[in-house]
Amino acid sequence: MTTHARSQGIFALSVAALGVVFGDIGTSPIYAFQALFTEADGHPLPPDPQHIFGALSLVLWAVTFTVSIKYVGVLLRADNDGEGGELSLTALLTSVLSSARTRGLLGAVMVLGMCAAGLFYGDSLITPAISILSAVEGLEEASPALGPLVVPIALVLVLALFSIQRWGTGVVGRAFGPVMIVWFLVIATFGVLSIVKTPEIIGALSPHHALGFIVAEPLLAFFALGAVVLTVTGAEALYADMGHFGRGPIARAWFALVFPCLALNYLGQGALVLRERSASHPFYDLVPHNLQFPVVILATLATIIASQAVIAGAFSVSMQAQRLGLLPRLTHTYTSEHKGQVYVPGVNWLLCVGALVLILAFRSSQGLSSAYGIAVSGSFLLSTALLFLYLRYVRKWALWKVIVVAAFFASAELFLFAANAAKVFTGGWIPLVVSALCIATMHVWRFGADRLRERRRDLCGTWEEFVARTEKKQLQKLPGTVVYLHQDVHTPPLALLTQTRVNRAIHSRVVIAEVTTEPVPRVNAEDRIKVLDVPGVPDGVECVNVHFGFKEHLDVPKAMRLLASCPDASERWSNQRLKSTWFVTARANLVLAPATFLTLVAKKVFRVMFKNQARASDHFHLPVARSMGVETDLRF
């Protein structure tokens with residue numbers, strides 16, 4: 001690829017990233033600065049010069065510290081083969097810690113990962129509701145008579161947003177990217193026009209105003225942090241979406257366009273409030289009255305795009321959780337050749353229903369802002385904890401260096417989290433409840449999957465026992481090749497046991513395929529399939545391990561075609577024969593054994609998830625005409 005072509009590709013990805021990654025943080029100016037002087041957790045700031053400069057300085061340095069330094073400067077470098085997000089980092093840490101003396105940290109890492117995923121889902125639920133509501137509320141600013149239409153319009157827009165997700169983040173990003181370029185240029189222009197009228201506001205760039213505010217009025221500054229956190233919402237989605245576009249395009253778009261435009265708009269809002277202390281909605285008050293309707297339309301488009309960032313991130317997080325064994329098989333489709341661009345319909349429509357309910361319940365962006373900060377600030381703290389472990393055990397930094405870096409970030413984030421914890425009873429409970437439900441779901445799935453794996457192992461027995469039983473039955477040899485998908489090649493599959501018991505026959509060529517999801521996003525072709533030497537396996541049976549990364553298609557038939565070229569494979573595995581191969585999976589009918597009340601509840605929830613997970617044939621991309629499931633009752 002030529003340098004020019006590569007540059008064009010990076011530019012295209014940067015534009016697409018604007019339409020997916022930066023929508024959330026890019027639309028924060030609509031409601032964040034206003035919240036400081038109208039809400040601030042019940043302690044709104046007086047609109048006098050001291051508080052305007054102090055609050056504005058807090059906002060500008062919060063964005064610089066959290067997004068520019070932590071996420072773009074540091075966390076985007078803490079990737080797992082190009083993939084980002086807390087669960088991607090969790091997967092990388094589990095692979096490192098499992099082979100070290102620090103194995104005891106594995107449980108803590110998984111808990112951190114589950115908590116981070118839970119809070120991200122809470123954020124993904126609230127963002128579409130608050131972003132779209134805040135934009136549509138501009139109609140009321142332009143014409144009070146349109147106030148009753150705000151909620152119905154917001155509901156329609158949310159439904160439309162989730163309906164287009166099946167087209168994929170790449171298509172959506174390319175469509176939305178140019179809109180976001182216009183959005184950032186427009187808000188920067190209005191900001192500059194306001195700054196020109198009150199140029200002294202530029203002094204708020206100095207951090208001494210923020211420090212002076214904190215020292216002079218620590219309690220009021222503490223409550224103000226609950227609104228300041230609204231200016232950095234979307235930073236966590238920026239990290240989760242890194243796999244969609246890559247670090248380079250995201251960093252370029254941030255520093256070249258997004259950050260400067262946000263800073264100019266916040267300065268413009270500060271200048272406006274400095275001139276007009278009674279400004280009720282600083283963002284829309286920057287706009288000349290005859291341009292308010294066009295800006296409302298543009299803001300509405302931008303906030304629809306804002307929701308795209310966390311929705312795309314939720315899809316990525318869901319797939320990562322599935323591959324880590326925290327969720328059941330999910331029905332999903334990859335929407336482009338670019339790695340990481342995936343659509344998960346179940347997650348999409350659950351988020352849609354949740355966002356619609358929140359809009360109907362709160363009916364205003366101000367009401368929802370109380371629910372927003374806890375999810376965001378909690379995610380910040382969890383990402384710092386995972387970053388600490390990453391720098392210590394992956395990058396092998398000295399302990400004192402890691403402590404300095406973690407303390408640098410955590411010191412500010414603890415205050416942000418504490419300020420938002422005060423909002424628990426005014427809406428902050430929503431992301432906490434959503435997070436708790438997600439964590440409980442992941443824990444129940446891990447618990448049930450472990451129990452089921454142990455029960456299957458007990459029922460399957462050993463290969464030696466299988467050979468002893470089948471020799472007595474004198475099984476008939478059937479022509480053809482059959483691949484049994486099995487969780488542990490060191491034991492015979494339940495489907496094979498059932499077939500030999502019922503049909504008293506076995507195929508002349510049998511492959512036992514154990515599919516392993518590695519804690520890396522991608523696996524090289526040469527490492528895709530390995531032939532295993534398993535003791536006790538009868539003649540005609542060959543055991544293989546098929547490796548996939550946690551972000552890959554689990555295309556087992558495609559992987560099996562590589563078997564013919566494996567140096568350890570027997571000559572009978574030719575591509576010609578594999579074209580007529582049948583694939584067999586076991587379908588377990590779960591029968592619950594007596595247990596304590598809580599354990600029985602957990603088993604029942606697991607059974608519901610187990611029955612409703614994606615079909616194995618779809619999950620492993622098995623050919624419909626050449627796949628079958630063998631059902632077996634399983635008491636667990």
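The structure is a predicted model, in which local features need pLDDT of at least 70 and side-chain atom pairs count only at pLDDT 80 or more, while totals for chains, interfaces and linings use all residues. Residues are numbered from 1 along each chain as its sequence is written, and side-chain values use heavy atoms, with hydrogens and water left out.

**Strands**
- Helices (H or I, at least four residues) and strands (E, at least two) are DSSP runs, numbered from the N terminus.
- Strand β3 (residues 476-485) runs parallel to strand β7 (residues 582-591), and 3 bridges join them.
- V483 stands opposite F583 in β7, and A586 stands opposite V630 in β8.

**Helix α6**
- The 32 residues of helix α6 (residues 105-136) should span 46 Å at 1.5 Å a residue, the expected span being 1.5 Å times one less than the number of residues, and the end C-alpha atoms are 47 Å apart, which agrees.
- α6 bends by about 30 degrees at I126, the bend being the angle between axes fitted to the seven residues ending there and the seven starting there, and a proline, P128, follows within four residues.
- Because 26 of the 32 residues of α6 are buried (under 20% relative accessible area, 1.4 Å probe, protein chains only), the helix is largely enclosed by the rest of the structure.

**Around T516**
- T516 lies in strand β4 (residues 505-518), and, apart from neighbours within four places in sequence, T516 is in contact (heavy atoms within 4.5 Å) with N545, V546, H547 and F548.

Definitions and conventions. Buried means under 20% relative accessible area, exposed over 50%, partly exposed in between (1.4 Å probe, protein chains only). Two strands pair if DSSP finds at least two bridges between them.
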